[in-house]
Amino acid sequence: MEMVKIVFLVQTFLFSATCSEVSLHRALLSTYDRTVRPALHHNTSLSVVFGLALTQIIDVDERNQVLTTNCWLSLQWHDSHLIWNSTAEENITVIRLPAETIWKPDIILYNNADRQYNSGVTSTNAIVTADGNVTWLSSAIFKSSCAINVEYFPFDEQKCTMKFASWTYDGFQVNLINSGDTTDLSNYVANGEWDLVAAEVERNVVYYSCCQEPYPDVTYHLILRRRPLFYVFNLILPCVLITGIALMSFYMPSDSGEKVTLGITTLLSMTVFLMVIGESMPPTSEKLPLIGLYYGVTISLVSFATGLSVVTLNLHHRGMRGRRIPPLLKYLVYKVLAKMLLIRLEQDKSSITEPKPPADKPSSPFSSHQCGICHPHPVHPQGKGWTDRASLETLLSLSVVHCSVGRLVDRVQAALDTHERRLADQDRREEITMEWKHCALVIDRFLLWVFIVATISATFGILYMSPHTQLFSL
């Protein structure tokens, strides 16, 4: 029975408390007009304390230059129309009213970039105390415009601002005050792409050209630094590797026929990467991104290297024309560059000169000009040996055979002389061809080292132009 009485008393107390709060709500809102500024006098300025807690940087859209953040808002002001006697209302000191039913200052984000601004702000209850102090806490996702400076991309820092102020009330009606000198970062969630370097807040009083009244605002300055690890491994490192492969064309044998093809292929690959970068950057002509400058210089180096590969191929095959290397070029290649690059070349046979006609050789006893048949002379038979007709016919037959053998020997001698001249000319051409090939080889190695040094210098020189470059602390 006693338990029933206790339960009844508790229910009666709760019901009476609920009835008191309901009656207080009705009493406060029955004559309340939420369109009227709740100041004690129409000439009195209403102070509004504004606070912002940054919880997350959702996105930084470089192309559209929009910063998306998640924030918690806090607005505090004094409403003279929401005051009651807590003693008369059963010691109710705090109540919560829907924010749509009371007056709220029209504090908005001036540099808003979202067409659906109101949908991003969560409407919650307002906390009202008996002395008329109102606290409105809400959560919002803001899209603010931010001027993106892509000069040092991807080693860049961005400075974005969020300006809050009343849109219709001037400083004589609503005095906007910041809640503190720093931004609340106690609930901040780190972003994977951006580091929050600093978050500062300041109060400004601005006089616009349209009005004479002051307009106070609270501006938050966010300094963001990009984490470049993603871009280093996805954009810079492939470019360095592709450039290294392109420079290997100087090490490729000239007889392979693929030196120019390799250079053109690498140029096409780098052009594709440059197009990917251009799609993510804002279309501005004010400043060239650092990575765009790097790709431009690298493409120029690869193009120049491909053009010089054509020159070295021309030198490699120039020996087929039979012209010797100019003395100055020969001295520069064999005496300077080859020694500097530690390349050992075979000593050329400089003693080989133009082929000379063969010297006159002693005549063979079988030569045709010694043959009497070929060069007939009068024969005066003397002696008895010539009286025999059979002996004369034998002698004539032997002379004919002797002349035939002489002509054959002359032909063989001429063929041997021609063959010797041909071999001498072939040796000379092979020597000249080998000299030009050695020249092309030495120039290829020299250009390889020149472009390796130029590529490394351009890579570190351009990437370290940014004051925020931290390649080794990504």
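User: What makes the strands β4, β7, β10 and β9 a sheet, and in which order do they run?

Analyst: In this predicted model, 4 strands form an open sheet in the order β4-β7-β10-β9, with antiparallel pairing. Strands are DSSP runs (E, at least two residues; helices are H or I, at least four), numbered from the N terminus. Two strands pair if DSSP finds at least two bridges between them. In general, strands of a sheet pair through backbone hydrogen bonds.

User: Why are β4 and β9 called edge strands?

Analyst: β4 (107-109) and β9 (194-206) each pair on one side only. From one strand to the next, the twist averages 20°. The angle is taken between axes fitted to C-alpha atoms, in N-to-C directions, on a scale from 0 to 180 degrees.

User: How do you know that β9 and β10 pair?

Analyst: Count the bridges: β9 and β10 (residues 215-226) share 12, in the antiparallel sense. The rule asks for at least two, so they pair. One of the bridges joins W194 to R226 in β10.

User: What should I know about the numbering and the limits of the model?

Analyst: Residues count from 1 along each chain as its sequence is written. The model is predicted, so local features need pLDDT of at least 70 and side-chain atom pairs pLDDT 80 or more, while totals for chains, interfaces and linings use all residues; side-chain values use heavy atoms, without hydrogens and water.

User: Why is the pair of Y110 and W167 called edge-to-face?

Analyst: Rings of Phe, Tyr and Trp (its six-membered ring) pair if their centres lie within 6.5 Å; planes under 30 degrees apart are stacked, over 60 edge-to-face, the rest tilted. There are 14 aromatic pairs by this rule. The centres of Y110 and W167 are 5.2 Å apart and their planes stand at 70°, so this pair is edge-to-face. The two residues lie 57 apart in the chain: Y110 in the loop between β4 and β5 (125-129), W167 in the loop between β7 (157-166) and β8 (174-178).

User: Are Y110 and W167 buried, partly exposed or exposed?

Analyst: Buried means under 20% relative accessible area, exposed over 50%, partly exposed in between (1.4 Å probe, protein chains only). Y110 has 25%, so Y110 is partly exposed. W167 has 54%, so W167 is exposed.

User: What makes F460 and Y464 a stacked pair?

Analyst: Their centres lie 6.4 Å apart, with 20° between the planes. That is within the distance limit and under the stacking limit, so the pair counts as stacked. F460 is partly exposed at 43%, and Y464 is partly exposed at 38%.

User: How do you know that K104 sits over the ring of W136?

Analyst: The charged end of K104 is 5.4 Å from the ring centre. The rule wants NZ of Lys or CZ of Arg within 6 Å of the centre and within 35 degrees of the ring normal.

User: What makes a nonpolar core, and which residues touch the most other members of the largest one?

Analyst: A core is a set of buried Ala, Val, Leu, Ile, Met, Phe, Trp, Tyr and Cys residues joined through side-chain atoms within 4.5 Å. The largest has 71 residues, and F50, W77, F142 and F164 touch the most other members. Another core, of 22 residues, lies apart from it and includes F250 and W436.

User: Why is N91 called exposed?

Analyst: N91 has a relative accessible area of 60%, so N91 passes the limit for exposed. N91 lies in the loop between β2 and β3 (94-98).
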